[in-house]
Amino acid sequence: MAHSYTPGLTVTDRTVIHRRRMLPLPGKVVVNLGDTISSQQVVARAELPGKVFPINLANQLSVAPGEIREYLTKKEGDVVGKDEILAENKPLIKWFKTEIPSPVAGTIESVSAVTGQVLLREPPRVLQLLAYVDGTIIETIPQQGVVVETTCSLVQGIFGIGGETSGEIVMAVQTPDEPLTPGHFNSTMKGKVVVGGSFLPSEAMKEAKAVGVAGLVVGGIHDEDLRALLGYDLGVAITGTEQVGFTLILTEGFGTIPMAAKTFKLLSSHAGQKASISGATQIRAGVIRPEIIIPQGEGGVGMATQTQREGIRLGDPVRIIRDPLFGRIGEVSALPPELTKIPTESEVRVLEVKFADGKKVIIPRTNIEVIEGA
Amino acid sequence: MTASASTPPKIDHPLNVIVATDCGSTTTKAILIERVGDEYRQTYRGEAPTTVEAPFEDVTRGVLNAIAEIEELSGRKILDGDQIITPCRDDKTGVDIYISTSSAGGGLQMMVTGVVQNMTGESAQRAALGAGAIVIDVLAVNDGRLPHEKIERIRSMRPDMILMSGGTDGGAVTHVVEMAEYVAAAEPRPRFGMSYKLPLIYAGNKDAQPQVKKILEDKSALVVTENIRPVLERENLAPARNKIHDLFLEHVMQQAPGYKKLIDMAGAPIMPTPAAVGLIMEAIAKREHLNLIGVDIGGATTDVFSVFDGVFNRTVSANLGMSYSVSNVLAEAGLASIMRWVPFTIDEQTLRNRIKNKMIRPTTIPQTLDELQIEQAIAREALRLALIHHKSLATGLKGVQQERTISDVFEQQTSGKALIDMLKLDLIVGSGGILSHAPRRIQSMLMMVDAYEPMGCTRLSVDSIFMMPHLGVLSTINEKAATDVFVRDCMIYLGTCVAPIGQGRDGDLCADYEITWPDGKTAKEQLKFGELRLFPLGSGKQATIKVQPAKGVNMGEGPGTAITKDIHGGVVGLLLDGRGRPLRFPVEQQARVAALTKWFKAVDLYPELSVE
């Protein structure tokens with residue numbers, strides 16, 4: 001076998017990351033190369049074309065499509081106000097006059113003599129693209145966006161919902177195996193990123209929303225609580241646009257699973273500092289995982305961005321990611337090369353994991369993930 | 001290789017060694033095919049993670065890694081740095097051609113438009129699906145959405161390509177032009193690349209071509225082709241499908257990371273994976289004069305192919321799969337439907353959490369027997385739902401005027417009749433990880449039998465190691481090589497399922513049967529309702545079965561009418577299914593678990609049954 005690589009989640013105290021900030025359509029970049037920026041600063045702007053409203057004037061005036069130009073009071077390119085008259089007929093008796101008002105304010109985009117339709121377009125909406133993280137602009141892509149570099153602590157979660165936000169880190173629990181309960185929340189947590197331990201019950205979600213936290217970071221939740229929170233059963237893990245009142249990041253998975261000690265310790269050591277977080281998750285070949293970025297300011301001289309791992313090595317800290325030992329953390333103690341028959345009768349490549357208590361187990365290699373950034 | 005997909009390239013040297021890859025959304029799979037004596041055989045395989053996205057953003061990296069694995073295993077030198085050595089230099093160096101299919105980066109995603117949803121809208125959908133695309137939306141004048149909603153929809157979706165149809169040749173042009181106006185107003189943008197124009201195929205009423213050109217020429221890369229529905233009674237899908245393949249190569253793949261390099265490396269046009277699988281399915285059906293259903297169940301999607309009376313259809317259920325989309329199977333099927341296949345009890349919360357954990361860590365495999373049983377239960381539901389979806393689209397043409405005679409008074413058939421007839425079905429072909437890699441072949445067979453509920457006598461097979469896409473593209477340049485490998489290395493016949501149609505109480509007589517085995521011996525027995533029986537009948541062997549169904553039970557020739565058929569063996573054998581059709585389960589939990597346990601034991605499905 002050439003390369004066996006099980007990608008893991010990065011949990012590291014110091015790294016340099018690059019975030020590409022791209023507009024969805026061409027616009028204007030408003031910062032310069034080398035600028036120092038903060039997370040809430042606008043880096044680029046674009047005008048999103050307004051909504052289009054078709055009106056079939058031929059039908060409304062009861063005339064042939066080819067004749068509608070004769071009835072229009074405006075022409076292509078003209079600006080119209082809401083309820084301003086777009087077209088009218090000219091009957092002999094005024095009582096029979098029909099006037100067609102514009103349903104929206106905008107411009108007349110096109111008039112079709114084939115279908116009798118007039119297309120109205122609302123004014124464009126300005127879209128402002130924020131920097132998302134504190135850092136330095138290291139690349140500008142004309143009309144499209146920028147690349148921001150920051151030296152930071154980075155924690156990748158496994159799954160999240162909700163978009164980008166930022167706030168001060170608050171540790172709500174004492175240990176990584178303590179669940180986050182409604183009692184842990186108070187009004188000082190408004191606008192902050194609250195870190196819990198092993199589990200977040202639905203009552204605590206409600207309390208977090210009431211308090212107005214910016215984000216929640218916990219080990220696990222129950223799927224049915226997620227369903228209740230979203231109002232639907234999430235079928236495919238493509239998230240980031242949900243609006244549930246806060247951004248939620250799971251570090252371990254579904255169920256009650258203590259947060260990895262390393263993650264908990266790292267977040268604890270940065271309590272009180274500002275973090276940029278995103279719940280956006282996309283699980284496909286090139287995955288997007290939710291993240292917590294805690295900028296570290298200057299000091300990244302000579303520090304390279306994290307290199308791609310080549311494979312699993314003896315001594316690597318790993319997390320088991322499938323039942324029956326889901327969520328357990330240990331280290332790789334043996335890497336037998338040959339295929340091994342597991343209880344399902346499948347013959348697969350395995351490895352041996354040693355737990356802190358010295359106990360060893362055999363696990364298929366695809367059922368572990370390396371805790372990266374170690 | 002820049003030849004058009006509709007015109008396969010001419011190869012001027014003998015093809016003795018072929019390397020083929022399939023760039024999937026997660027893994028790139030490579031196989032080596034060599035000429036051994038007079039026939040072609042698949043000899044080695046390798047795989048590596050697909051590298052379409054960051055940090056590599058170059059699909060050829062994964063291809064080279066997968067081929068490097070074949071090099072290691074076979075001892076043949078195929079790569080010279082980043083180049084594939086073609087043609088062969090000697091016995092141990094190079095290959096004669098490199099070919100590939102691809103579904104990486106989400107495959108080919110299309111939006112189609114028509115005038116009437118279940119007429120030209122459906123025809124356009126069939127054309128796109130047959131070309132290997134995932135159809136992300138079907139827009140039609142009568143789709144129930146308001147005009148501005150249609151425009152918003154086109155704008156928010158970012159397809160790789162749009163196919164526009166509508167109207168019969170010589171018919172009214174107004175509605176087709178109206179749809180063109182909506183598309184133009186939405187200014188659709190492609191999924192990849194900011195600067196290039198979205199490819200758009202117009203295959204509607206030819207009289208509307210000048211107006212459509214005027215409206216859309218400046219706003220898209222417009223290609224005009226023959227109408228897919230020139231008259232109501234006939235579909236003409238081939239020209240539109242060929243254009244889709246050409247544009248896929250010329251525009252879409254040029255934008256995907258590394259594909260320019262991949263196209264240059266390959267000796268034949270790159271095909272979308274499902275299009276290649278479709279070719280193979282069509283070829284089997286044609287060669288053996290069969291009606292077949294083929295399924296490819298992947299991590300994200302499930303593709304279903306069918307050929308009935310020579311009519312080919314393909315559908316893709318974009319969100320039914322075993323890893324990325326596993327949670328969606330639960331959402332669509334419901335927990336009860338999945339649990340009915342699990343021979344033990346488990347609380348809902350635990351099961352829900354397990355399924356979600358598989359979704360967020362899609363590469364994990366079941367490690368314990370109960371996890372395997374749960375996955376195979378989910379697979380049954382994914383297969384079942386995908387077939388229901390397929391049946392809804394694999395129909396005759398709708399909106400066709402039918403001549404009626406007095407004899408139709410008693411049998412009124414509507415237009416748009418389903419083409420899938422389980423009684424006429426000869427063969428089911430399964431492919432995809434959960435079917436190809438099931439620890440026991442009987443597990444693949446029973447998953448398909450449970451999901452599809454075949455009726456009468458139906459043969460079943462699986463793709464040994466998932467190489468149908470490779471063979472599909474190979475068949476376009478060397479039919480013999482593709483056929484040789486398909487017959488000898490790819491297709492594994494599982495056996496035949498014999499299933500009478502009807503219902504009865506457990507233990508009541510379902511049918512009397514008499515089997516004449518290949519050695520001439522006969523066995524005469526009774527099949528009871530609620531019973532599953534498995535008899536060994538090896539690959540390449542044939543037996544004859546005479547079935548006399550009980551009163552009210554049907555084997556396809558009418559209730560109580562006896563049938564005699566030759567049946568083919570396979571690695572599993574002959575499965576007699578007395579569970580009745582449609583399949584029903586005991587309502588009460590304990591009785592259901594007991595029934596499943598009995599069935600599973602009868603066919604030795606799992607090493608041991610974990611009954612809690």
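**Domains, a glycine and a helix**

Author: The C-alpha centres of domain 2 of chain A and domain 3 of chain A lie 70 Å apart. Domain bounds come from an automatic or database domain assignment. This is a predicted model: local features need pLDDT of at least 70, side-chain atom pairs count only at pLDDT 80 or more, and totals for chains, interfaces and linings use all residues. Residues are numbered from 1 along each chain as its sequence is written, while chains are lettered from A and ligands numbered from 1 in the order in which they are written.

Reader: Which residues make up each domain of chain A?

Author: Domain 1 takes 9-46 + 130-295, domain 2 takes 52-121, and domain 3 takes 317-372.

Reader: Is Gly255(A) buried or exposed?

Author: Count C-beta atoms, placed from the backbone: 20 or more others within 10 Å means buried, 12 or fewer exposed, in between partly exposed. Gly255(A) is buried because it has 23 C-beta neighbours inside 10 Å.

Reader: What does Gly255(A) touch?

Author: Contact needs C-beta atoms, placed from the backbone, within 7 Å. Leaving out residues up to four places away in sequence, Gly255(A) touches Gly220(A) and Asn353(B).

Reader: How many residues of H8(B) are buried?

Author: Helices are DSSP runs (H or I, at least four residues), numbered from the N terminus. In H8(B), twelve of the 16 residues are buried, among them Leu279(B) and Glu282(B).

Notes. Two residues are in contact if their C-beta atoms, placed from the backbone, lie within 7 Å. Helices (H or I, at least four residues) and strands (E, at least two) are DSSP runs, numbered from the N terminus.
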